[in-house]
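Dear colleague,

Please find below the structure that I am handing over to you.

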Amino acid sequence: MTTPDTTPAFPVCQCCPRRLIGVEVQRGRLVCRPCESRIDAELGEVADLWERLPALLAPGTAGGDDAGDAPRAPGPSGSKPPANLAVLSLLGGGVTEPLLVEEDAWRRELRTTRHYRLTPGRGGQDNTLRGTVKWLRLNLYWACHAYPDVDDLDRTLRKLLGEMRGLVSGDRRRREDLKPCCPMPARGYNEDDPETPKCGGRLTYDPRRTVIRCDTCRRAYGPADWDLLGAAASLITLPFTVPAA
C-alpha cells in the first residue's frame, strides 16, 4: 500500500479519495461502502470473464497474439503459435496467482488474532479461480473493516480486469505511466489549505477509458479535468496530444 509521508487530517477510504463519514468511522471501516460494493462486483466480473477466455484460445480470435505485449512463440521468426499465448498465459496462472497472493495475505492477517487455516490447495486452475474468488468475496466485509491493505487487491483487480477485458473485447491498448508524479493534494487533507502536502503518486493513462488515474490518491481525471494536472501547460509528459480548448 502506498501512503503519504504525513498523517491525514481526516480518515479517507483506502481505495478512493472519498472521506469516510461518521458512521463508517464509528464502525471501524477502512474502505467505504461504495468501494466495497465495487470490489465485490469486480471479483464477480473476473469469474465471469474467466469463463469466456477458453473460447479465445484459438489463434486469430479477439485479443490475438499480434498485440505488442503478447508472449512470443518459440521458433523461427514469423512462426505461428498453436494457441493464443496471451490467453494461455492468463489461464495458466496469470489470473489465479495474483489473487492467491491476496488470499494468502488476508489469511496471514487473520492468523494474527485467531487460529486460521493456510490457503488450501484447490486443484486445477478452474477450481482455484472459483474457490479464491469465492473466499475473497466472503471475507471482503471483514477486510474492509480490519485489513489495512485492501487497496492491494484493488490494484490487482484493476490490472487483471484491464488484461481480461482487453482480450475479450480485442482492445489490447495498455495503461501508460506519466511523468512527473501526481501534483494534487494528498488524500485526507483540506484541498484549499496551501500547506497541504502533495500526493506524489504515480499517474497512469488508461486509453480504453480515456482517463488519467493516480495509484495513490485514487483520483480519476477525464479529458475535461486534465488541465488540473498541468497537462494543458505541458507540466506532465503525456503519450498523446491534449486538444486545444
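Which residue in E2 is the bridge partner of Asp177? The partner is Thr204. Before going further, please note that this is a predicted model, in which local features need pLDDT of at least 70 and side-chain atom pairs count only at pLDDT 80 or more, while totals for chains, interfaces and linings use all residues. Residues are numbered from 1 along each chain as its sequence is written, and side-chain values use heavy atoms, with hydrogens and water left out.

**The sheet**

The pairing of Asp177 with Thr204 belongs to an open sheet of 4 strands, in the order E1-E2-E3-E4 and with antiparallel pairing. Strand E1 (176-177) and strand E4 (220-221) each have a single partner strand, so one side of each is left without a neighbour in the sheet. Strands (E, at least two residues) and helices (H or I, at least four) are DSSP runs numbered from the N terminus, and two strands pair if DSSP finds at least two bridges between them.

E1 and E2 are joined in the antiparallel sense by 2 bridges, E2 and E3 by 4 bridges, and E3 and E4 by 2 bridges. Ile212 in E3 stands opposite Tyr205 and has Tyr221 as its bridge partner in E4.

- E2 and E3, with 4 residues between them; Thr210 in the turn has a positive phi of about 50°.
- E3 and E4, with 5 residues between them; Arg218 in the turn has a positive phi of about 70°.

**Helix H7**

H7 has 20 residues, of which 14 are buried (under 20% relative accessible area, with a 1.4 Å probe and protein chains only); the helix is therefore largely enclosed by the rest of the structure. Gly170, with a positive phi near 90°, follows H7.

**The largest pocket**

The lining of the largest pocket consists of 29 residues; Arg158, Lys159, Arg175, Asp206 and Arg213 lie nearest its centre. A pocket here is an open set of points on a 1 Å grid where a 1.4 Å probe fits, with protein on both sides within 12 Å along at least five of seven lines; lining residues have an atom within 4 Å of a point. H7 gives the largest share of the lining, 11 residues.

Yours sincerely

Technical notes. Buried < 20%, exposed > 50% of the residue type's maximum accessible area, 1.4 Å probe, protein only.
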